[in-house]
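I opened a new page for this protein.

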Amino acid sequence: MKVISQSDIKKLAISPKQCCAWVRESFSIKHDAQLPAKISCHPADFDFFTSMPCLLPEDTVGNRFFGIKEVHRVKNAIPSLGSDMMLYDAKTGELLALIDSDWITTMRTGAVAAVSARALRKKDAFTYGFVGLGNTARATLLCVLEDEPDKHFNVKLLRYKNQADLFVERFKKYDNVTFEIVDSIVELASTVDVFFSCITDAKGLLIEDEKVFQKGVTVIPVHMRGLQVCDVAFDRVFGDDTDHVKGFKYFPQFRDYNEIGEVLAGRDVGRKSQEQRIIDYNYGLALHDVVYASKIYKLLKDEITLEIELVKETDKFWV
């Protein structure tokens, strides 16, 4: 069994553009995958352990992978959020790898947000706004900029401590983006074509009045929080998987709901007019995690990483 660390993954130098391609590929096989809804346990109000299984369909060379990711948030841990995956050969039951999934989680989350925004935004949209400027926002913008290197984006950031300045510094080498830092979330929300919320926690609503958002806006609450005011007012609502979002409070009142994968597959037009306001909930699927993990495992299969021998009984045994 391989033990694949974050440093092993970083050495592969997987590009954000490749991350977007893997997201599109994973959505394309969703109907042939087995994707049970994730299950969570809560040791405390803030803390959780969430199990995320997925069985992929057989690939073109005969491989079939099963993976289960365990993601956890523990308030006093450093870092508070972490994740690991066990990747199996689904045909033999062999445990192939134990994988540090922090990079996978961050980059697939950013790639899903970027791919969804590109699929749902109005024509000629180029002004993007970000609330919450941590790693998820960085991953999202990396994917936005590298997935469309010939398109110029004007990106507005909501000021929070010195994070906006650090965010701008991170992207100084990119020539297809300009930044503006604003002090009001209402100003940001009312002036952007695509609104990303990348905050990991919210007490109450980020926006009290959905009318703040202009016609044609696409809203993507990356971590689900603080934008429920849009749920029953917006013209269309998308999700990454119906079983994962059908428990949302306002799900029965969603207007014109569908899954984002149907748009990527060309079976749904997505935006039906340039004035429609759209909100897209991507809950985070083990599908993406296991696709990423299987790709990484293949890239590292013949490379030197930490190996652990698991000695298993080969004959039936009695106790």
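I start with the angle classes: under 35 degrees counts as roughly parallel, over 145 as roughly antiparallel, 65 to 115 as roughly perpendicular, and the rest as oblique. The model is predicted, so local features need pLDDT of at least 70 and side-chain atom pairs need 80 or more, while totals for chains, interfaces and linings use all residues. Residues are numbered from 1 along each chain as its sequence is written, and side-chain values use heavy atoms, without hydrogens and water.

**Entry 1: the whole chain.** I looked up the elements and found nine helices and 15 strands. These are DSSP runs numbered from the N terminus: helices are H or I with at least four residues, strands are E with at least two. The radius of gyration is 20 Å, close to the 20 Å of the globule rule for 319 residues, so the protein is as compact as a globular protein of that length. That radius is taken over C-alpha atoms, and the rule is 2.2 Å times the number of residues to the power 0.38. I noted that 50% of the 319 residues are buried. Buried means under 20% relative accessible area, exposed over 50%, and partly exposed in between, with a 1.4 Å probe and protein chains only.

**Entry 2: the sheet.** In which order do the strands of the open sheet lie? I read E2-E3-E4-E5-E6-E1-E15, seven strands with mixed pairing. Two strands pair if DSSP finds at least two bridges between them. E2 (39–41) and E15 (306–307) are the edges; each has a single partner strand, so one side of each lacks a neighbour in the sheet. I then checked E4 (65–73) and E5 (81–89): they run antiparallel, joined by nine bridges. His-72 stands opposite Gly-82 in E5.

**Entry 3: helices on the sheet.** H3 (102–120) packs on the sheet and touches E3, E4, E5 and E6. Contact means heavy atoms within 4.5 Å. The direction of H3 makes about 100° with that of E5. H9 (286–300) lies across E1, E3, E4, E5 and E6, at about 65° to E5. Asp-289 is in H9. Is Asp-289 buried or exposed? Its relative accessibility is 0%, so Asp-289 counts as buried. Among its contacts I list Lys-69, Met-85 and Arg-108.

**Entry 4: a helix pair.** H2 (16–28) and H4 (135–147) pack at about 95°, with axes 8 Å apart. Axes are lines fitted to C-alpha atoms, for helices over the stretch in contact, and angles run from 0 to 180 degrees between N-to-C directions. H2 and H4 are therefore roughly perpendicular. Cys-19 and Arg-24 are among the H2 residues that meet H4, where Leu-142 and Glu-146 are included.

Technical notes
Lists of a residue's contacts leave out its neighbours within four places in sequence.
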